[in-house]
Amino acid sequence: MLIGEVARRSGVSARMLRHYESLGLVRPSGRTASGYREYAGEDIQRIFHVESLRAMGLSLREIGRALDDPGFAPSALVDDLIRRTRERIAVETELLTRLRRVHATDPAGWEDVLQVVTLLGALGSKSADARQRAALASVDEVPVEALVEAALGESDPNVAGALRWALARSGDGGPALLAEGLGAPVAAVRERAVRSLAEMPGGTATALLRDALASPDDLVRGHAALALGTRGEADAVPVLVDLVVAGTNDTDAADALSLLAGDDAAADRIAAELVDRLARDTTGASARGRLAQALAGVPGAGSSRALQGLLHDEDRAVALTAAYLLQLRDVG
């Protein structure tokens, strides 16, 4: 079979067949009397083998080794192909993500495109200063998805603060994206997600923070409760009391409880919660002291009665704390 016929049947151009021949990959078995290349059935089969291996991503040099080396083990090469393919997919996926983010900004001209590309690149810079500057400049220039991704991956506290600031001004799409980070397998990512969500304004963020009170992660629950306390959300009270008991951000938790005790009914409910925790046998001495101190910020008759009941507590430090707080109330 002559080269033209081989090209038509195989889909490989005559020029590529000649290139294969120059590399020694496929040599025609013979020549006609006129000197034209003549391919036998075995040659055609080898052409299809070459094309199949090219389709897998092998280089022509690797194909030559695979076909001609009797001791060649394909498993190692296939493993390498898998690794290279994954790397290529990762690069292409990153490019696709960046293109989508540029498209989402609806650029009016190439200057806008270049501005977005520059900011996206700066958000991924190795320089913390560059990332911080990009975050502060990104509010109206970069899609919220890029800001959320940067915030969830940022370890520098100054850059993280700038990103949270930008997210708080980025519109309505941020809270739901941040909430996805609350279930991340990495604890640091969950913390960044809840801290960013805590600074997001609006009812959507508040609702998501309320859902976060049921998180199995103590840190997520705690940050959510502190944020909700400043928003006047009574659902946060049990977790805030937990923080007081644990001694984790207990001062902030006590302040939040004081803010939530805005009327007599709310103050009495919070006092009852603190007293209930004080009465539990599992509560340690230091935790009982913090609970007694937390009553100081809760106004009303309910907390005063609770403090009166603590005057004869078996724990002398708790009794003295109660006496001191009642004295301050009498003076006031």
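This is a predicted model: local features need pLDDT of at least 70, side-chain atom pairs count only at pLDDT 80 or more; totals for chains, interfaces and linings use all residues.
Author: The label applies between two limits, because under 20% would be buried and over 50% exposed.

Reader: With which residue does the side chain of Arg83 meet in a salt bridge?

Author: The partner is Glu87, with an N to O distance of 3.0 Å. Both residues belong to helix H5, 4 residues apart, and that is about one turn of the helix. Glu87 is itself partly exposed, at 42% relative accessible area. Glu87 and Arg83 also belong to one network, in which salt bridges with shared partners join them to Glu62, Asp80 and Arg84.

Reader: Which helices hold Glu62 and Arg84?

Author: Start with the contact: the side chains of Glu62 and Arg84 form a salt bridge of 3.1 Å, N to O. Glu62 sits in helix H4 and Arg84 in helix H5 (residues 74-104), 22 residues apart, so this pair links distant parts of the chain. Glu62 has a relative accessible area of 16% and is buried, whereas Arg84, at 26%, is partly exposed.

Reader: How many salt bridges does a search of the whole structure find?

Author: The search finds 18. One of them joins Arg46 to Asp68, with the closest N and O atoms 2.8 Å apart. Arg46 is in helix H3 (residues 41-55) and Asp68 in helix H4 (residues 60-68), so the pair ties together parts that are 22 residues apart in sequence. Asp68 is partly exposed, with a relative accessibility of 46%.

Reader: Now to burial in a loop. Is Ser138 buried or exposed?

Author: Ser138 is buried, at 0% relative accessibility. Its place is the loop between helix H7 (128-137) and helix H8 (144-153). Leaving out residues up to four places away in sequence, Ser138 touches Leu119, Leu123 and Leu147. Another serine, Ser52, is 86 residues from Ser138 along the chain, and their C-alpha atoms are separated by 47 Å.

Reader: In a helix, which residues of H18 are buried?

Author: In H18 (residues 301-309) they are Gly302, Ser303, Ala306 and Leu307. They cover an arc of only 135° around the axis, so they lie on the same side of H18.

Reader: Next, backbone angles. What is phi of Asn249 near?

Author: The general idea first: most residues other than glycine have a negative phi. Phi of Asn249 is near 50°, a positive value in a residue other than glycine. Asn249 is in the loop between helix H14 (237-246) and helix H15 (250-260). It is partly exposed, with a relative accessible area of 36%.

Technical notes
Residues are numbered from 1 along each chain as its sequence is written. Side-chain values use heavy atoms; hydrogens and water are left out. Buried means under 20% relative accessible area, exposed over 50%, partly exposed in between (1.4 Å probe, protein chains only). Helices (H or I, at least four residues) and strands (E, at least two) are DSSP runs, numbered from the N terminus. The arc is that of the directions from the helix axis to the C-beta atoms. Contact means heavy atoms within 4.5 Å. A salt bridge is a side-chain nitrogen of Lys or Arg within 4 Å of a carboxyl oxygen of Asp or Glu.
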